[in-house]
Amino acid sequence: MSGNVPASTRTLRVLTFLATQPGPVPMERIASAVGLPRSSTYHLLRAMIDEGFVVHLPEEKRYGLGVAAFEIGSAYLRHDPLERLARPLLVQLVHEVGQTAHLGVLHGRELVYLLKEQPPRPVTLVTDVGVRLPATLTASGRALLAELPPAQVRALFPDPESFVRRTDQGPQSLTQLRRLLADEKRQGFAVEDSFITPGVATVASAALDHSGHPVAAISVTFRTDTVPTTDRPHLAHKIHQAATALTRRLHG
């Protein structure tokens, strides 16, 4: 890279390179990939860390994408294209299961609801378009977190103060969260039962972009006394199908 390349171009090249990596990488790899001296790379990374676009993992001596980078990606997809692609799938899902369906995205440590589709006789819920809830307590939030690299999850929840409790349920440490995310990723969907509202449960599954990054989660919320435990695997299957359909739509 020549010396007269603008700093903005160098910054974008660092972000583009980090976005293609499966996880955080050493500074030497970044410097080599973007053609910068080590000292220049260090100063550029420090500036990007200060703005939240890069996170430094000192124990591993590696750098990865920060929360600000994910927020920008989510902000782009939160605009009209994502909602237009997802709405027909939510309408069909509500028709099939007879319960309220949502589309949600991560915003830092929170889950933000973008869409809500309801059956003819909906249940009153705290979840509505624009509402933000702690990602660790929502099925949608954890479905998305489960698809992030472990280092990014650790950057989002570095200490016990990062965790929120509403009903004395839900993970309260990184170890507990990681265990829960591993189980939910393995089964292909996340479940929240009374973490937000007693007697109300949610099942959610994530949709991914072309690089495998979680973009949004499709979920169904219901009163626990209206859906027998034996019916929930079928419900989870329907939600996973809808999320897979959204993934295909995102891929074009």
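This is a predicted model: local features need pLDDT of at least 70, side-chain atom pairs count only at pLDDT 80 or more; totals for chains, interfaces and linings use all residues.
Reader: Why are α1 and α3 called roughly perpendicular to each other?

Author: The axes of helix α1 (residues 7-19) and helix α3 (residues 38-50) cross at roughly 75 degrees. Angles of 65 to 115 degrees count as roughly perpendicular, and therefore α1 and α3 are described that way. Their axes come within 11 Å.

Reader: What makes α1 and α3 a pair in contact?

Author: Contact means heavy atoms within 4.5 Å. On the α1 side, R10, T11, V14 and L15 meet L44, L45 and M48 of α3. By class, this contact has five nonpolar, one polar and one charged residues.

Reader: Now the second largest pocket. How many residues line the second largest pocket, and which lie nearest its centre?

Author: The lining has 22 residues, and G66, V67, F70, Q152 and L156 are those nearest the centre. The volume of this pocket is about 230 Å³.

Reader: What is the lining of the second largest pocket by class?

Author: There are 13 nonpolar residues in the lining, with eight polar and one charged.

Reader: From which domains does the lining draw at least three residues each?

Author: Domain 1 (6-73) and domain 2 (80-251) each provide at least three residues of the lining.

Notes. Residues are numbered from 1 along each chain as its sequence is written. Side-chain values use heavy atoms; hydrogens and water are left out. On a 1 Å grid over the protein atoms alone, a cavity is a set of points where a 1.4 Å probe fits but cannot get out, and a pocket is an open set with protein on both sides within 12 Å along at least five of seven lines; lining residues have an atom within 4 Å of a point. Grid points are joined across faces, edges and corners, and a volume is the space filled by probe spheres set on the points. Ala, Val, Leu, Ile, Met, Phe, Trp, Tyr, Cys and Pro count as nonpolar, Asp, Glu, Lys and Arg as charged, and the others, Gly among them, as polar. Domain bounds come from an automatic or database domain assignment. Axes are lines fitted to C-alpha atoms, for helices over the stretch in contact, and angles run from 0 to 180 degrees between N-to-C directions. Helices (H or I, at least four residues) and strands (E, at least two) are DSSP runs, numbered from the N terminus. Angles under 35 degrees count as roughly parallel, over 145 as roughly antiparallel, 65 to 115 as roughly perpendicular and the rest as oblique.
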